[in-house]
Amino acid sequence: MRISRIIVGVLALFALGTAPVSAQEAPPKAPANDSTAPLRVFIDCGYCDIDFIRTEMPWLDYMRDRADAQVHVLVTQEGTGGGGSKFTLNFIGLREFATVTDTLIYNASSDNSQDATRRGLARMIQVGVTPYLARTPHASRLRITMAPPGGPAGGGAAVPRHDPWNFWTFRIGFNGSGNGESNSESKNFSGSVNASRTTEQWKTSVGVSTSQSLQSFTFPISATRDTTQTFFSRSAGANGSLVKSLGEQFSAGLTGGISTSTFGNTKTSISLRPAVEYDFFPYKESNRRMLTAQYGIGVRAFTYRDTTIYLQTKETLPQHSLSLSYNTQEPWGSVNLYASYSQYLHDTQFFNTGIGGGTDVRLFKGFSLNVFGDYSMVRDQLSLKKGSASQADILLRQRELATNFRYFVQMGVSYRFGSIFNNVVNPRMGGGGDGGGRVMFF
């Protein structure tokens, strides 16, 4: 009886939740051609707190699809040398505002709180939609104020006159995890330290990282005896780069690193590679599009843990590489493509080439397609350990195995329909205006 009452109660709740609009408190929205209708905007931002923006600017209509909007706000993000973020807000007019576009910048410093960043982005959106509101009958209701000097500003924290850190920023990270049961356990640890310095002319970065994994299994070998086997893997490395700007579209640099890996059979692997890069578009357009070609040539020196399948215990080899990369973010979606090729020069039969990329495209109203994949031909596994791999090595990924190729593919589609409005903020039980939640009964 209790279960049947709960079911009846749940059905009643859903019936109330799906009542006709006429029975709800909120009045119906005005049609798009009504001069009293709020400005319709589509916020295209994966970094924004959309619920916060809705509550800060309730005098806008937030569209679920770009095709229904009058203004498309496209927000892109780039990391800054100080560890912060540079947000570029592109305001793209649609319908009657098709000729009105604008671009604003918001810089969030590395010590900004999440709340400070979301308020800064909301302020810039307010500023950006003002020219569109000024072209509507709502212009007479606009009121413009300006904070006093030193108060809140749309551009984030001001750059200090004297920087005691000389543009250097540092980041330290550590991760640990573990799980287990009566007959097995697993532990994983990783840590990293990174330092970087970025100016208009130079870009410098150095980093150190380590990762360790331990897995142990207990199983019976007789009616009265158990045995435990433990498998341990470790990797560590340090890397650095120094890049010099050579104009609007050229740059040159030097990269190097040293690493060790039980999985890859390398006691030490040392690399040093000078490289040049050309961007077919000016670097200043990188927030929206980049098409780069990069070529590098250098050396790699190996000391192996065990003799390789080529009967080597150490070797130093010349290597060169070429890569092409294209990235764009447009109102219709985004595309990221790349192609790469690397080859050892002592013997050209040892090479690695790959292609890959992803796209997220709005094909038509409410329908989106997203695809990601990569594929590589592998012909440069010089460090493979001599001898056959055990079953544990294969199942637990304790050593690198020979392969001719690697690939990964992911594809998905989505279609949304229903109300074009996306204004309501409802945080009850964890569900936002565009999210979901679950109900639990005890």
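**Reading the core and the rings**

Modeller: Begin with the largest nonpolar core, which has 28 residues; those that touch the most other members are Leu39, Val41, Leu89, Phe91, Ile125 and Val129. Keep in mind that this is a predicted model.

Colleague: Which elements give two or more residues to this core?

Modeller: They are strand S1 (39-44), helix H2 (50-56), strand S2 (60-62), strand S3 (71-79), S4, S5 and H3. With seven residues, H3 gives the most.

Colleague: What is Ile125 in contact with, leaving aside its neighbours within four places in sequence?

Modeller: Ile125 is in contact with Ile43, Ile53, Met57, Val73, Leu89 and Phe91. Another core lies apart from the largest one and has six residues, among them Phe302, Tyr304, Leu317 and Tyr344.

Colleague: How is a pair of aromatic rings described?

Modeller: By two values, the distance of the centres and the angle of the planes. In this model the count comes to 12 aromatic pairs. One of them is Phe97 with Tyr132, at 5.6 Å centre to centre and with 80° between the planes, an edge-to-face pair.

Colleague: Where do Phe97 and Tyr132 sit in the chain?

Modeller: Phe97 is in the loop between strand S4 (85-93) and strand S5 (101-108), while Tyr132 is in helix H3 (residues 114-133). The two are 35 residues apart, and their pair links distant parts of the chain.

Colleague: Why is the pair of Phe302 and Tyr304 stacked?

Modeller: The ring centres of Phe302 and Tyr304 are 5.7 Å apart and the planes are at 10°, so this pair counts as stacked; the cut-off for stacked is under 30 degrees. Both Phe302 and Tyr304 are buried.

Colleague: Which residues form one aromatic cluster?

Modeller: Phe250, Tyr278 and Phe280 do.

Colleague: What does the side chain of Ser251 make a polar contact with?

Modeller: With the side chain of Tyr283, at 3.1 Å. Not counting residues up to four places away in sequence, Ser251 touches Val243, Lys244, Leu246, Val276, Glu277 and Tyr283.

Key. Residues numbered from 1 in each chain as written. Predicted model: local features only at pLDDT ≥ 70, side-chain atom pairs only at ≥ 80, totals over all residues. Heavy atoms only, no water. Phe/Tyr/Trp six-rings, centres within 6.5 Å; stacked < 30°, edge-to-face > 60°. Helix = DSSP H or I, 4+ residues; strand = E, 2+ residues; numbered from the N terminus. Buried < 20%, exposed > 50% of the residue type's maximum accessible area, 1.4 Å probe, protein only. Polar contact = N/O pair within 3.5 Å; in protein donor to acceptor, adjacent residues only side chain to side chain. Contact = heavy atoms within 4.5 Å. Core = buried A, V, L, I, M, F, W, Y, C linked by side-chain atoms within 4.5 Å.
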